[in-house]
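Let's walk through this one together, a piece at a time. Have the fold in view and follow along.

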Amino acid sequence: MTYQQALKINWVLDGQTIRGDYCGILVEGLVEDSRVKYGTDIQYRVKLQTPFNFYGTVRDVVLIDGSDVTEVL
């Protein structure tokens with residue numbers, strides 16, 4: 001389902017798998033935490049299914065803004 005469809009049900013996506021854009025890289029992983037940022041945007045801490053190297057550091061967890069989420073699986 002799309003992110004917009006999922007938001008109509010609940011903005012807390014803990015335990016669900018999502019796809020999104022992290023600094024131009026398409027990532028997929030399990031949401032460990034959902035929080036409301038200052039203002040109205042939502043941010044998710046995502047444990048990646050496939051870690052990747054980003055500027056010399058292997059990332060296995062990333063923070064993704066709700067506006068960068070493309071799909072809820």
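## Bridges, core and rings

Start at Glu32, which is partly exposed, with a relative accessible area of 37% (buried is under 20%, exposed is over 50%, and partly exposed lies in between, using a 1.4 Å probe and protein chains only). Before going further, a word on what you're looking at: this is a predicted model, where local features need pLDDT of at least 70, side-chain atom pairs count only at pLDDT 80 or more, and totals for chains, interfaces and linings use all residues. Residues are numbered from 1 along each chain as its sequence is written, and side-chain values use heavy atoms, with hydrogens and water left out.

So what does Glu32 form a salt bridge with? The partner is Arg45, and the closest N and O atoms are 3.1 Å apart (a salt bridge needs a side-chain nitrogen of Lys or Arg within 4 Å of a carboxyl oxygen of Asp or Glu). Because Glu32 lies in strand 2 and Arg45 in strand 3, the pair ties together parts that are 13 residues apart in sequence. Helices and strands here are DSSP runs, numbered from the N terminus: helices are H or I with at least four residues, strands are E with at least two. Arg45 is also partly exposed, at 36% relative accessibility.

By this rule the count comes to five salt bridges. Another one joins Lys37 and Asp65, with 3.1 Å between the closest N and O atoms. That pair links distant parts of the chain, with Lys37 in the loop between strand 2 and strand 3 and Asp65 in strand 4, 28 residues apart. Lys37 counts as partly exposed, at 23% relative accessibility. Then there's Lys47 with Asp60, whose closest N and O atoms are 3.0 Å apart. Here Lys47 sits in strand 3 and Asp60 in strand 4, a link between distant parts of the chain, 13 residues apart. Lys47 is partly exposed at 35% relative accessible area, and Asp60 is partly exposed with 35%. Salt bridges that share partners also join Arg19, Glu28 and Glu71 into one network.

Now go inside. The largest nonpolar core has 17 residues, and Leu13, Ile18, Tyr44, Val46 and Val62 touch the most other members. (Such a core is a set of buried Ala, Val, Leu, Ile, Met, Phe, Trp, Tyr and Cys residues joined through side-chain atoms within 4.5 Å.) At least two residues of this core come from each of helix 1 (3-9), strand 1, strand 2, strand 3, strand 4 and strand 5 (69-72). Strand 3 supplies the largest share, six residues.

Next, the rings. A search of the whole structure finds five aromatic pairs. (Rings of Phe, Tyr and Trp, the last by its six-membered ring, pair if their centres lie within 6.5 Å; planes under 30 degrees apart are stacked, over 60 edge-to-face, and the rest tilted.) Tyr3 lies in helix 1 and Tyr44 in strand 3, so the pair ties together parts that are 41 residues apart in sequence. Both Tyr3 and Tyr44 are buried. Phe54 and Tyr55 make an edge-to-face pair too, at 4.7 Å centre to centre and 80° between the planes. Phe54 is buried, with a relative accessible area of 13%, whereas Tyr55 is exposed at 76%. Ring pairs link Tyr22, Phe52, Phe54 and Tyr55 into a cluster.

Stay on Tyr55 for a moment. This residue is in the loop between strand 3 (42-54) and strand 4 (57-65), and has a positive phi of about 55° although it is not a glycine. Most residues other than glycine have a negative phi. Cys23 has a positive phi as well, near 50°. Cys23 is found in the loop between strand 1 (17-22) and strand 2 and is exposed, with a relative accessible area of 55%.

Finish with Leu26, in strand 2. Is Leu26 buried or exposed? Exposed: its relative accessible area is 62%. Leaving aside neighbours within four places in sequence, Leu26 is in contact (heavy atoms within 4.5 Å) with Gly20 and Thr70. Leu26 and Thr70 are 44 residues apart in sequence and 9.2 Å apart in space, C-alpha to C-alpha.
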